[in-house]
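Visitor: I'm new to protein structures and would like to learn how to read one. Could you walk me through it?

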Amino acid sequence: MLEELKMPVMELGSDIEEVWSRLDSVAIEKKIAEKMALSEAPDFWNDHEKAEKIMSQVRKLKNRIEPWKELKAEYSDIQAMYELALESGDPADEDELKKMLDQGRKKFEELNILNLLSGEVDDSSAFITIHSGAGGTEAEDWASMLSRMYTRWAERHEFKIEVVDLLEAEGGIKSITMQIDGDYVYGHLKGEAGIHRLVRISPFDANARRHTSFASVFVFPVLDDSIEVEIRPEDLRIDTYRAGGKGGQHVNKTDSAVRFTHLPTGIVVACQSERSQIFNRQACMSMLRAKLYEYYREQKEKENAKYSSEKKDISWGNQIRSYVFQPYTMVKDHRTKYETGNIQAVMDGDIDEFMDAYLVAKWKGLPLSSDDDNLEV
């Protein structure tokens, strides 16, 4: 039985060494040393914001290699346990080896997913916008359900969430923009952009008929000052209006909400989450920079999938994922073909496997078509 574990042990070691060789740890260590040298300057913390950014960069660089160093050390322990089990022939040692091997493989898979997030802004926080589409009240409820799903996902990972803009409707949500702050949020969420379809027996239908509803999801990164995006004042139209919602004594009595329209591209962003118009303007500018970054990058690469996903009809035939509640339960991603029957877990934010499947498919260069619609509903 122990001989059957020899190959998995060797394969894990080979996989770890292959990834480690691609990490270029020497270059990363050099960058860490350079930035840490800056932190030793006497006036380093005089500019607190700049200092925080440098330390954040150091942390992200360390996060790229430190976990792999730990895994290499753990693999050495696995090898030692394998040798011990060979010598002792003790079933308890063999059981311990299996446990260590399973844990090592699981950690490798988790770290390898993070290793796929190597894009320029993959390590950034993200804005996520959800619009209800075809389906009326049912679609507005569906947009609300998706908002809850991504909120639960963020909470699972202990990310910070803030609602930046919200347009409520009788059935739930017409549109919502949330900012989710944390490491690699954009890298994980970017594959969620597209049309999401819901199939269920509508709670709003007195005849209990099955309805199909749609909502669009758009994801774009929160940019720091190191990413340059040119926005000319003459290209902006700025509108102010009174914030909606329950608010307070102040929020609904002044024109604190702000809407920016970028005239050359037609991109519109809005914010009403802050009491102050000044802070809402700052938030709008941050969102506009992020959207323009995505737009110009995609124009340059002639890959308009992300931007056009929000521009597509939010209706039948354009969905990237379907969520079926009746007559059976299933969530299926039409691009990667990954699916699960545990729809309740998905709606509670357990969507990491869908995200990981997308990242792996992108890394392997697999076709990510969203036109597969072979669901028997």
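Visitor: Let's start simple: what percentage of the residues of the protein chain count as buried?

Guide: Keep in mind that this is a predicted model. Of the 377 residues in the protein chain, 46% count as buried. The chain has ten helices and eleven strands. Among contacts with a separation of 6 or more, 66% join residues 24 or more positions apart.

Visitor: How many residues does the largest nonpolar core have?

Guide: First the general idea: in soluble globular proteins, nonpolar side chains tend to be buried together. Here the largest nonpolar core has 54 residues, and those with the most contacts inside it are Leu 146, Tyr 150, Leu 189 and Tyr 323. Helix 5 (residues 137-156) provides the largest share of this core, eight residues. Apart from it there is another core of 25 residues, including Ile 28, Leu 61, Tyr 82 and Leu 111.

Visitor: Which residues is Leu 189 in contact with?

Guide: If we skip its neighbours within four places in sequence, Leu 189 is in contact with Ala 126, Tyr 150, Trp 153, Ile 180, Val 219 and Met 355.

Visitor: Is Ile 351 buried or exposed?

Guide: Ile 351 counts as buried because its relative accessibility is 0%, and the cut-off for buried is under 20%. This residue sits in the loop between helix 9 and helix 10 (352-364). Leaving out residues up to four places away in sequence, Ile 351 touches Met 149, Tyr 150, Trp 153, Glu 192 and Val 346.

Visitor: Where is Ser 175, and what does it touch?

Guide: Ser 175 is part of strand 3. With a relative accessible area of 14%, Ser 175 is buried. Not counting residues up to four places away in sequence, it touches Ile 130, His 131, Asp 165, Leu 166 and Leu 167.

Visitor: What about pockets: how much space lies in the largest pocket?

Guide: About 1400 Å³. Of the 46 residues that line it, Ser 56, Lys 60, Asp 123, Ser 124 and Asp 224 are the closest to its centre. Helix 3 gives the most to this lining, with ten residues. By class, the lining has 16 nonpolar, twelve polar and 18 charged residues.

Visitor: Last one: where in the protein chain is confidence lowest, and where is it highest?

Guide: Confidence is lowest in helix 8 (residues 305-311), at a mean of 44, and highest in helix 9 (residues 343-347), at 97. Over residues 303-312 the pLDDT is below 50. Residues 247-251 also stay under 50. For the protein chain, the mean pLDDT is 86, and 88% of the residues reach 70 or more.

Note on methods:
Residues are numbered from 1 along each chain as its sequence is written. This is a predicted model: local features need pLDDT of at least 70, side-chain atom pairs count only at pLDDT 80 or more; totals for chains, interfaces and linings use all residues. Side-chain values use heavy atoms; hydrogens and water are left out. A nonpolar core is a set of buried Ala, Val, Leu, Ile, Met, Phe, Trp, Tyr and Cys residues joined through side-chain atoms within 4.5 Å. Buried means under 20% relative accessible area, exposed over 50%, partly exposed in between (1.4 Å probe, protein chains only). Helices (H or I, at least four residues) and strands (E, at least two) are DSSP runs, numbered from the N terminus. Contact means heavy atoms within 4.5 Å. On a 1 Å grid over the protein atoms alone, a cavity is a set of points where a 1.4 Å probe fits but cannot get out, and a pocket is an open set with protein on both sides within 12 Å along at least five of seven lines; lining residues have an atom within 4 Å of a point. Grid points are joined across faces, edges and corners, and a volume is the space filled by probe spheres set on the points. Ala, Val, Leu, Ile, Met, Phe, Trp, Tyr, Cys and Pro count as nonpolar, Asp, Glu, Lys and Arg as charged, and the others, Gly among them, as polar. pLDDT is the predictor's confidence in each residue, from 0 to 100.
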